[in-house]
Amino acid sequence: MSDILIVDDERDIRELVSDILEDEGFSTRLAGNSEDCMAAINAEPPGLLILDIWLKDSRMDGIDILKAVKRDNPDVPVVIISGHGNIEIAVAAIKQGAYDFIEKPFNIDQLMVVIRRAMETSRLRRENAQLKRREVSSTEMIGQSAAFRAMLNQLDKVTKSNGRVMLRGPAGSGKEIAARYIHANSNRSNAPFVTVNCAGVEPERMEEVLFGRETADRGVEPGLLEQAHGGIIFFDEVADMPLGTQSKILRVLVDQQFQRVGGADKVRVDLRVISSTNRDLEEEIRAERFRQELYHRLNVVPISVPSLEDRREDIPVLAAHFIESCHQSQGLPLREISEEAVALMQTMPWPGNVRQLKNLVERVLILGDSTGPIEARELPSNEEKIEEGRVVLSGALATLPLREAREAFEREYLLTQINRFGGNISRTASFVGMERSALHRKLKSLGVVTSGKSGARLAFADDEVEAAE
């Protein structure tokens, strides 16, 4: 994408322009009609297109070619030249996306100024897009728990394919990071990654946002699907997409083309689709809020993204990562985390998942001390409070007889510790100060069992497992 394609039905003009450009160090290709022009563009998009408006013996005129180029190769700048120039033609060309309009006979110096500016603008746009993609590709997947490794193994299997992926998991669990990981390690890593926030777009504007629009006064305004051409489109929380739009997206998945709102031309796109949801889509289908046909098109490879509570082992490494990130991006203190704070964080409830952990770390760094490790007292806790060595019991526990209260406490304590260590009985036994065999007997007497979930072994009370079954 470094040469210049010159399209003019007059051989002398296209060869003259070519000789001038080659003397200036540019490489060129030539086309005398629309068929040769489109064939050259389809073979390899040029760095810039110099295009005559009027082309004899051609199926398409310059404006038609301009529309097609801006539709399929929007990054290619187009300079229009014409011997029959007028204001109306110039305005029409600029509205359709032309970089500039020059009348014949043109001044060579003027032509060179326009070409250099157009090439520089194109280069800056490409570099900007590459920088954005480089930022996306640097997105790290952080974790070492069994649940995390199981998810990462599935993600690695789908990176090189073109299959559609459905990421399922609770809000804040990192579904978009998983989607970006697929993109960064795929064959499309140098192409765009475009996110559609299905819950954040007003339903009446969704189609314009996705498909773009064409109007007489503003010309062509590409939508997100067009912007993602060649790369990945990520439908974040796809269950929030309006029903009417769902049927049109289904057609795009089948045909790989669509029409802009207000337009008549078909826009062809090459897309890989990744979607995410925190809802039960089967239930959404039964409630007639989601189209079953679209579900089957999107759910080719379902991958579960575990909640933070299913990967508590990862909390220390995630917290350390967020501390480093806040230090680099905001200059916040680079602090360690005390063992007591780690233990508390691994036992806290995390309804907001990884996003909640990130916010908590940032808040502690802003409001806490500038030096020294993060201590447990700096963290919020909904558990029983310990003040000067005195445990303040919850009301429910305080109403039980001693034996039942002790069993309830031991059960809850051991459930918390086992889940904190990802179901690892040896590490749990070491932490609580018991022999492994003694711990097994204690768990059996308390009705605590371990069960597989999201690639990890987690502990449950026996009655919880029976209720789930």
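Start with the cysteines: the structure holds zero disulfides, a disulfide being a pair of cysteine sulfur atoms within 2.5 Å. In general terms, a disulfide is a covalent bond between the sulfur atoms of two cysteines. Select Cys 198, which is buried at 2% relative accessibility. Then select Cys 326, which is buried too, at 3%. Buried means under 20% relative accessible area, exposed means over 50%, and partly exposed lies in between (1.4 Å probe, protein chains only).

This is a predicted model, in which local features need pLDDT of at least 70 and side-chain atom pairs count only at pLDDT 80 or more, while totals for chains, interfaces and linings use all residues. Residues are numbered from 1 along each chain as its sequence is written, and side-chain values use heavy atoms, with hydrogens and water left out.

**The whole protein**

Show the whole protein as a cartoon. It has 20 helices and 18 strands. These are DSSP runs numbered from the N terminus: helices are H or I with at least four residues, and strands are E with at least two. Of the 469 residues, 45% count as buried. Switch to a surface view: the accessible surface is about 24,200 Å², and carbon and sulfur atoms account for 48% of it. Accessible areas come from the Shrake-Rupley method with a 1.4 Å probe, and for residues only the protein chains shown count as cover. Among contacts between residues at least 6 apart in sequence, 69% join residues at least 24 apart. A contact means heavy atoms within 4.5 Å.

Select Asp 52, in strand E3 (residues 48–52). An unreviewed UniProt entry places the feature "modified residue: 4-aspartylphosphate" here. UniProt positions are given in the numbering used here, feature names are shortened, and annotations may be inferred rather than shown by experiment. Is Asp 52 buried or exposed? Asp 52 is buried, with a relative accessible area of 3%. Leaving out residues up to four places away in sequence, Asp 52 touches Val 7, Asp 8, Asp 9, Gly 62, Ile 81, Ser 82 and Lys 104.

Go next to one of these contacts, Asp 9. Asp 9 sits in the loop between strand E1 (4–7) and helix H1 (11–23) and is partly exposed, at 22%. Beyond its neighbours within four places in sequence, Asp 9 is in contact with Arg 14, Gly 32, Asp 52, Trp 54, Leu 55 and Lys 56. Show the side chain of Asp 9: it reaches the backbone nitrogen of Lys 56 at 3.0 Å. Now pick the C-alpha atoms of Asp 9 and Ile 53, which are 9.7 Å apart in space and 44 residues apart in sequence.

**Gln 96**

Select Gln 96, in the loop between helix H4 (87–95) and strand E5 (100–103). Gln 96 counts as buried, at 19% relative accessibility. Which residues does Gln 96 touch, not counting those up to four places away in sequence? They are Leu 66, Lys 67, Lys 70 and Val 220.

**Helix H7**

Select residues 175–184, which form helix H7. Eight of its 10 residues are buried, so H7 is largely enclosed by the rest of the structure. The buried residues include Lys 175, Arg 180, Tyr 181 and His 183.

**Two positive phi angles**

Most residues other than glycine have a negative phi. Select Glu 288, which has a positive phi of about 60° although it is not a glycine. Glu 288 is in the loop between helix H11 (281–286) and helix H12 (292–298), and it is exposed, with a relative accessible area of 66%. Then select Asn 353, where phi is near 60°. Asn 353 is in helix H15 (residues 353–367) and is buried, at 3%.

**Aromatic rings**

The last stop is a pair of rings. How many aromatic pairs does a search of the whole structure find? It finds three. One of them is Phe 409 with Tyr 413, a stacked pair at 5.9 Å centre to centre with 20° between the planes. Rings of Phe, Tyr and Trp (its six-membered ring) pair if their centres lie within 6.5 Å; planes under 30 degrees apart count as stacked, over 60 as edge-to-face and the rest as tilted. Phe 409 and Tyr 413 both lie in helix H17 (residues 402–420), four residues apart, about one turn of the helix. Phe 409 is partly exposed, at 49%, and Tyr 413 is partly exposed, at 31%.

Note on methods. Polar contact = N/O pair within 3.5 Å; in protein donor to acceptor, adjacent residues only side chain to side chain.
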